[in-house]
Amino acid sequence: MKPRIRRAVSRVRVTAVLATALLATAAPAAAAGSGAPGAGGGPAVPLRVATYNIHAGAGEDQVFDLDRTAAALRALRADVIGLQEVDVHWGARSAFVDEARALAEKLGMRVFFAPIYDLDPAVPGGERRQFGVAVLSRHPVLAVENHEITRLSTQTPDPVPAPAPGFAEVVVDVRGAHVHVYSTHLDYRADPSVRAAQVADMLEVLAADRGPKVLVGDFNAEATAPELAPLWQRLRDAAPDGGGTYPAGAPVKRIDLVTVSPDVTVTGARTVASVASDHRPVVTDLTVRRRGH
């Protein structure tokens, strides 16, 4: 569908992230209770990671309420959270709010926003309209990157699959363990071909990085879907028994996933009942190994 490339759309060092935050068919292997020690075999340190498609701040009732979204995120008590469907000055549906910055301020966390779409302002002189994914972190952020993966645009007529940004990577320092956390939002269409290409692209990005890895997001497919099968050659499903995530009120599908590399141990995982979005969040308790021991 396209050549396999690894291209950084943007790379920002930690200082920019801190400034933003302060201002603003194969089945996967189960991971719970298992996992090999990380490189170096150093002391294990805990890390709670969650994923949440926030539906641009609107609940299943379609009411925009970013305070409700923030409350749902706060209740997870997570150290790092991958977000999907994040609006930044996008439109009236979210009151033109910079949701990434606003949520970081409400939660007292660092944030990196990775736009999928970056459009001209709605009015002359206004802010650019952006929509994408984000990562919130309580831990220091060492580096960030907005990678391109295959996408089929919803913003252009007659789109064709092509590289586009919106695959976020954040390297966090967890008490000496440098953990790569990725937030993704895969294609929603019934045809799995774009998702299959996206999986291949993401795995290429992950293969270029060393150390513990946690890939989270809205995959728009269940873990047993054939197009996700290549993931389970490199990663493990952290919450195989966590329960459905979509739709939030009475979920029938588990499409929001936390996945981990073999050097990450999973000590607990669950899906959390909430109607602050049309998805439910997933929260996982992990341990990773410090470097240099």
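How many helices and strands does the chain have? The chain has four helices and 13 strands, taken as DSSP runs (H or I, at least four residues, for helices; E, at least two, for strands) and numbered from the N terminus.

The model is predicted: local features need pLDDT of at least 70 and side-chain atom pairs pLDDT 80 or more, while totals for chains, interfaces and linings use all residues. Residues are numbered from 1 along each chain as its sequence is written, and side-chain values use heavy atoms, with hydrogens and water left out.

Start with the whole chain. Of its 293 residues, 55% count as buried, that is, under 20% relative accessible area with a 1.4 Å probe, protein chains only.

Next, select strand S6, residues 141-151. Here 10 of the 11 residues are buried, so the strand is largely enclosed by the rest of the structure.

Move to helix H3, residues 99-107. Its buried residues are Glu99, Ala100, Ala102, Leu103, Ala104 and Leu107. An α-helix has 3.6 residues a turn, so residues three or four places apart point the same way.

Now show the two ends of H3. At the start, a side-chain oxygen of Asp98 comes within 3.3 Å of the backbone nitrogen of Ala100. After the helix comes Gly108, with a positive phi near 65°.

Methods: Buried means under 20% relative accessible area, exposed over 50%, partly exposed in between (1.4 Å probe, protein chains only). A polar contact is a pair of N or O atoms within 3.5 Å; within protein, one must be able to donate a hydrogen and the other to accept it, and residues adjacent in sequence count only if both atoms are side-chain atoms.
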